Amino acid sequence: MEPASAKLIGAGLAAIGAGMAAIGVGNVFGSFLESALRNPGAADGQQGRLFIGFAAAELLGLLSFVVAMILIFVA
Amino acid sequence: MATEAKVDPMHQFTIEPLFGTDHWALGGFNIAFTNSALWMLISAVVLYAFMLGGMKRELVPGRWQMMVETMTGFIENMLSANVGKEGRKYLPYVFSLFMFILFANLLGLLPLGLVGVHPFTFTSHFTATGVLAIMSFAIVLVVGFWKHGFHFFSLFVPHGTPLPMIPLIFVIELVSFLVRPFSLGLRLFVAMMAGHVLLEVLSSFVIGGANAGAFFMGLVSIPSFILMVAICALEILVAGIQAYVFALLTSLYINDAEHLH
């Protein structure tokens, strides 16, 4: 396989990571909503933790985007 | 189709010297006034004007003062929830950080390209966000060592760790502490860059489809355009969330330095 095509295939495979991060971020917000609707009184106090979880899940998806960009434009 | 001019989605991130300052140098380093610097300046000036309009200290706040006070109150709440009463002294830093990033993200999204001015989102560069992250990290280190001395290293060994686990936990906690500035800067930079690349790619679909005839315009351009409007709304949300996450994580790290969990 030519290196150029291998790079593009690798970048495409890295997009799987973005989809996985979508599952993760959806899980964070979904779980938050599910429990927030059970106990709305406690929901506001947990917003900081919600965004910490969101940031952690999102970072890993963004890393896969970085991998794709490095494969296409840098490597 | 493949022989047409290829759209380069990374072109919008080019840093170029403005106003003929490209040969300015200081100690052998180029200090040209770039478009990145210009938009940093614009963000700072707009932020200054925004704050100035809300600092009239009227007894009955008007709309503008209400807007500014909501922002300061928001950050103050975040600091008092995450750091406690010691958090108040970091309010100026965290507030400036939050507002500067927020204004930079939002100004970079302005559709000024319609009138020929191309906004530059300097938060889509790791050099800019990395320095902001290093500033936060430096504050954590300085405060931690100033306040606790070498006891600060107990941050890496949580309470109640069994003795055999201490070397392993210490290394893991140390590594997770040391990658903080990278993850902090990387998150903001990649989130902004990804959004702008996505908008650029979608706009190239719109133009390319319209150029290829009426059929492709209906099939490709119009759905892409509708998607682009939705993504623009999403990008405004992301601009706010990323600024918030940056400030939130900074306040969490400051909490570690103040209280050593």
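The legends below describe close-up views of a predicted model.

Residues are numbered from 1 along each chain as its sequence is written, and chains are lettered from A, with ligands numbered from 1, in the order in which they are written. In this predicted model, local features need pLDDT of at least 70 and side-chain atom pairs count only at pLDDT 80 or more, while totals for chains, interfaces and linings use all residues.

**Figure 1. Chain B as a whole.** Chain B holds seven helices and two strands (DSSP runs, H or I of at least four residues for helices and E of at least two for strands, numbered from the N terminus). Read from the N terminus, the order of elements is β-β-α-α-α-α-α-α-α. Along the principal axes, the C-alpha atoms of chain B fill a box of roughly 70 × 55 × 45 Å. The average pLDDT of chain B is 85, and 97% of its residues score at least 70; pLDDT is the predictor's confidence in each residue, from 0 to 100. For the model, ipTM is 0.77 and pTM is 0.85.

**Figure 2. Helix 3 and helix 7 of chain B.** The axes of helix 3 (residues 91-108) and helix 7 (residues 214-259) of chain B come within 8 Å and cross at roughly 160 degrees (axes are lines fitted to C-alpha atoms over the stretch in contact, and angles run from 0 to 180 degrees between N-to-C directions). Helix 3 of chain B is therefore roughly antiparallel to helix 7 of chain B, a term for angles over 145 degrees. Residues on the helix 3 side include Val94(B), Phe98(B) and Leu102(B), and those they meet in helix 7 include Ala243(B), Phe246(B) and Thr250(B); contact means C-beta atoms, placed from the backbone, within 7 Å. The residues of this contact between helix 3 and helix 7 of chain B comprise ten nonpolar, five polar and no charged (Ala, Val, Leu, Ile, Met, Phe, Trp, Tyr, Cys and Pro count as nonpolar, Asp, Glu, Lys and Arg as charged, and the others, Gly among them, as polar).

**Figure 3. Where chain A touches chain B.** Nine residues of chain A are in contact with twelve residues of chain B. On the chain A side, eight are nonpolar, one is polar and none is charged.

Figure 4. Residues 6-29 of chain A are 100% helix, with end C-alpha atoms 36 Å apart. Residues 50-74 of chain A are also 100% helix, and their end C-alpha atoms lie 35 Å apart.

Definitions and conventions. Parallel < 35°, antiparallel > 145°, perpendicular 65-115°, else oblique. Contact = placed C-beta atoms within 7 Å.
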